[in-house]
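Let's take a walk through a protein model together.

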Amino acid sequence: TTFLYPSLSLMMQTAHTTNVNRMAYITEGFQDFRPNSKTYHQQALAERTSLSQYLAQSQDELPAKTMKDSAVEAHLPLGSQPALREKYLNYHNSVRFGRILEDLDSLAVLICYSHTWNKELKRSPLSIVTALVDKIDMRKNIIYPDCDIKFTGHVTWVGKTSIEAKMHVSQYHDGAYTDVLDATFVMVARDPDNKRAAFINPLKLESPEEKAIFQQGEINKTRRVELSTASLLKVAPAAEERTLIHNLFLNTLDTRTVSFRSRILSPNSVWMEDAKMKGLEICHPQERNIFNRIFGGFLMRKAYELGWANACAFAGCRPTLVAVDDIVFRKPVEIGSLLLLSSQVCYTEGLHIQVRVHTEVLDPLSRQHSTTNVFHFTFCVEKDIPAVVPQSYGESMLYLDGKRHFDETMRSQG
């Protein structure tokens, strides 16, 4: 099904649909995905609360859906609508990737709503929330600002209350569509009030190809569990990682002294402490979703732009995004919060820069800090870059974590 959503950054052009009522509901819902009216929020939340009676008590009560049921195609007409380009154009005459992140987040939600569509209600009684971005792999370095972009995607894996959506982005250039990126998002289903988990329709597999796609979703889930279990916040580094950190330490000792405290940088190196960049966002109602919280795509855009700026300042040239991975939405961001963003170049190898962006909210009244997200970006540049070197044990853990993410990105890209 192809859609048009003029109120979002995705300007999707309607070509056809097999269910006009279903399309009209989804279109209406997404046109109001980030409304500004306080009255709207009160009315919408009251209306959604009434849908709780339609929630299933077990997954067995829900009809199985196919991958085709959630298949969506959306078009961003940058070529035919010049006025739209201004929103997506960056200084380097390319497309702002942060805007694409916002669009992917919106599309992932739409795909999952399509999977949980209730024919009798002519809507989905669930609330769909972004849990994490598993992976975004770039297939193209340049996204043209004056050529149409096509988004496609569908559900690829379903658990009891979580759901995986894969999306593909391509761009029409020189008479044909070429690959831009592949993205995998994991969403969770909540009740209409977004307070507790809710069951999702099971997935019916119709071919060996679909079974293979579903199995990859199972592999992705297992990998995420293993990575979480092996997190450096939980267990000590592996033996080879400890050796790496010790060698970095030895390479920075001042041989003229006999002291653990005297440290010097080798040529073409930078202390991690000097490879940071910070930002602040005041969370205004303009960027809220229907649940009166900050839209997840907005958070991704801001984190990406800060990470890109940090990589640019570190390398002294324009970086190109290679991959985004392991973005976990740990806590919603409330309206009125102060969003603190901290970007750190945590690992470098060859022409690649691994950047970690940590976001937290500061409650201006209680002055309490709470982590909301951690973002991981891999960039590539076309000139030699300095090596980043940790000094403290905490920085060493950031270094190893960055290396793990970089190695995983390189493995996934072959």
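Start with two helices: the axes of helix α4 (residues 97-115) and helix α7 (residues 296-315) come within 8 Å and cross at roughly 155°. That makes α4 roughly antiparallel to α7, because angles under 35 degrees count as roughly parallel, over 145 as roughly antiparallel, 65 to 115 as roughly perpendicular and the rest as oblique. The axes here are lines fitted to C-alpha atoms, for helices over the stretch in contact, with angles running from 0 to 180 degrees between N-to-C directions. As for handedness, the α4 and α7 crossing is right-handed; a crossing gets that label if the near helix is turned clockwise from the far one by less than a right angle, and left-handed if anticlockwise.

Before going on, a word on where this comes from. This is a predicted model, in which local features need pLDDT of at least 70 and side-chain atom pairs count only at pLDDT 80 or more, while totals for chains, interfaces and linings use all residues. Residues are numbered from 1 along each chain as its sequence is written, and side-chain values use heavy atoms, with hydrogens and water left out. Helices (H or I, at least four residues) and strands (E, at least two) are DSSP runs, numbered from the N terminus.

Back to the helix pair. Which residues in α4 and α7 meet? On the α4 side you'll find Phe97, Gly98, Arg99, Leu101, Glu102 and Asp105, and they meet Gly296, Gly297, Phe298, Met300, Arg301 and Tyr304 in α7. Contact means heavy atoms within 4.5 Å. Sorted by class, the contact of α4 with α7 has five nonpolar, three polar and four charged residues. For that sorting, Ala, Val, Leu, Ile, Met, Phe, Trp, Tyr, Cys and Pro count as nonpolar, Asp, Glu, Lys and Arg as charged, and the others, Gly among them, as polar.

Now hop over to another pair of helices. The axes of helix α6 (residues 239-251) and helix α8 (residues 393-412) come within 11 Å and cross at roughly 125°. That makes α6 oblique to α8, and their crossing is right-handed. Here Glu241, Leu244, Ile245 and Leu248 in α6 meet Ser396, Tyr399, Leu400, Lys403 and Arg404 in α8. The residues of this contact of α6 with α8 divide into five nonpolar, one polar and three charged.

Time for the strands. Strand β10 (residues 276-282) is joined to strand β12 (residues 338-349) by seven bridges, and the two run antiparallel; strands pair if DSSP finds at least two bridges between them. Leu280 has Leu340 in β12 as its bridge partner. β12 and β13 form a hairpin with two residues between them, and Gly350 in the turn has a positive phi of about 60°.

Keep going and you reach β14. Strand β13 (residues 352-362) pairs with β14 in the antiparallel sense over eleven bridges, and Val357 stands opposite Phe375 in β14. The hairpin of β13 and β14 has six residues between the strands, and there Arg367 takes a positive phi near 65°. Strand β11 (residues 320-329) also pairs with β14 in the antiparallel sense, over seven bridges. Is β14 (residues 369-380) mostly covered or uncovered? Mostly covered: nine of its twelve residues are buried, where buried means under 20% relative accessible area, exposed over 50% and partly exposed in between (1.4 Å probe, protein chains only).

Let's zoom in on one residue, Val324, in strand β11. Val324 stands opposite Phe377 in β14, and counts as buried because its relative accessibility is 0%. Leaving out residues up to four places away in sequence, Val324 touches Phe97, Lys135, Ile136, His376 and Phe377.

Finally, look at two loops. Most residues other than glycine have a negative phi. Lys122, in the loop between α4 and β4 (127-138), has a positive phi of about 60° although it is not a glycine. Asp174, in the loop between β6 (162-173) and β7 (176-190), has a positive phi of about 55° and is not a glycine either. Lys122 is partly exposed, at 43% relative accessible area, while Asp174 counts as exposed at 72% relative accessibility.
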